[in-house]
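Hi everyone, thanks for coming.

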Amino acid sequence: MHTRLQELFDVIDRERGELLAAARAVPMAQLRTRPGEGRWSIAENLAHLERVERGVVRLLTLRLTEARAQGHPAETDSSSIVGCLDDRGLDDRQTRRLAPPRVEPDPEVAAAEDLVERLERSRVQLREAASIGDGLALGSLHHPHPVLGDISLYEWIRFVGLHELRHRSQITEVVEVITHPSFQETRT
């Protein structure tokens with residue numbers, strides 16, 4: 001795998017581990033507990049992330065298959081691109097963002113074990129999709145993002161990790177609320 005892709009996957013895989021560690025901070029029975037009206041449970045956050053990643057897989061598969069068929073140029077740059085979206089505020093929880101309906105979590109969220117397996121599967125699929133363009137100059141291939149505007153395919157991969165960082169923070173907030181003694185008292 002090209003060094004740029006490998007670096008991206010090293011970072012987003014680490015971020016995925018941090019996300020799952022945050023989700024495991026509560027017993028499995030509480031993963032579907034909503035911290036309040038109009039707020040997502042941990043399970044709903046995980047289901048949303050899996051849907052988003054599957055969408056990125058579809059996008060990459062389509063765009064990279066086209067690029068490969070059209071003889072897109074090879075990557076000649078090996079500089080780091082991990083910080084490519086750092087200035088976009090994706091992990092800023094001060095600004096509330098609503099998910100488009102196509103990536104909202106299914107109201108019938110699966111069991112937590114299923115969600116982790118689905119996230120693992122979507123990450124394997126993301127790697128497979130990226131491998132279609134391995135060695136190509138992905139920085140010169142762009143596709144519009146609904147919030148970020150026109151971003152490169154490298155940035156789409158980085159987006160997955162930064163999006164998960166945002167939701168890791170959200171999951172941490174959910175854990176704090178649903179494990180707080182006052183929340184527990186209102187539930188009994």
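**Starting from the inside**

Let's begin with the largest nonpolar core, which has 33 residues; Leu 60, Leu 126, Leu 138, Ile 157 and Phe 159 have the most contacts inside it. By nonpolar core I mean a set of buried Ala, Val, Leu, Ile, Met, Phe, Trp, Tyr and Cys residues joined through side-chain atoms within 4.5 Å, with buried meaning under 20% relative accessible area for a 1.4 Å probe, protein chains only. Helix 1 (3-23), helix 2 (42-69), helix 3 (112-132) and helix 4 (153-179) each give two or more residues to this core. The largest share, eight residues, comes from helix 4.

A word on where this comes from: it is a predicted model, where local features need pLDDT of at least 70 and side-chain atom pairs count only at pLDDT 80 or more, while totals for chains, interfaces and linings use all residues. Residues are numbered from 1 along each chain as its sequence is written, and side-chain values use heavy atoms, leaving out hydrogens and water.

Now, which residues does Leu 60 touch, leaving aside its neighbours within four places in sequence? They are Thr 65, Leu 126, Ala 129, Leu 153 and Ile 157, where contact means heavy atoms within 4.5 Å. There is also a second, separate core of 20 residues, including Ala 22, Ile 42, Ala 47 and Val 109.

Stepping back, the protein has five helices and two strands, which are DSSP runs numbered from the N terminus: H or I of at least four residues for helices, E of at least two for strands. Along the sequence they follow the pattern α-α-α-β-β-α-α. Of the 188 residues, 47% count as buried, and the C-alpha trace spans about 65 × 30 × 25 Å along its principal axes.

How values were computed. Buried < 20%, exposed > 50% of the residue type's maximum accessible area, 1.4 Å probe, protein only.
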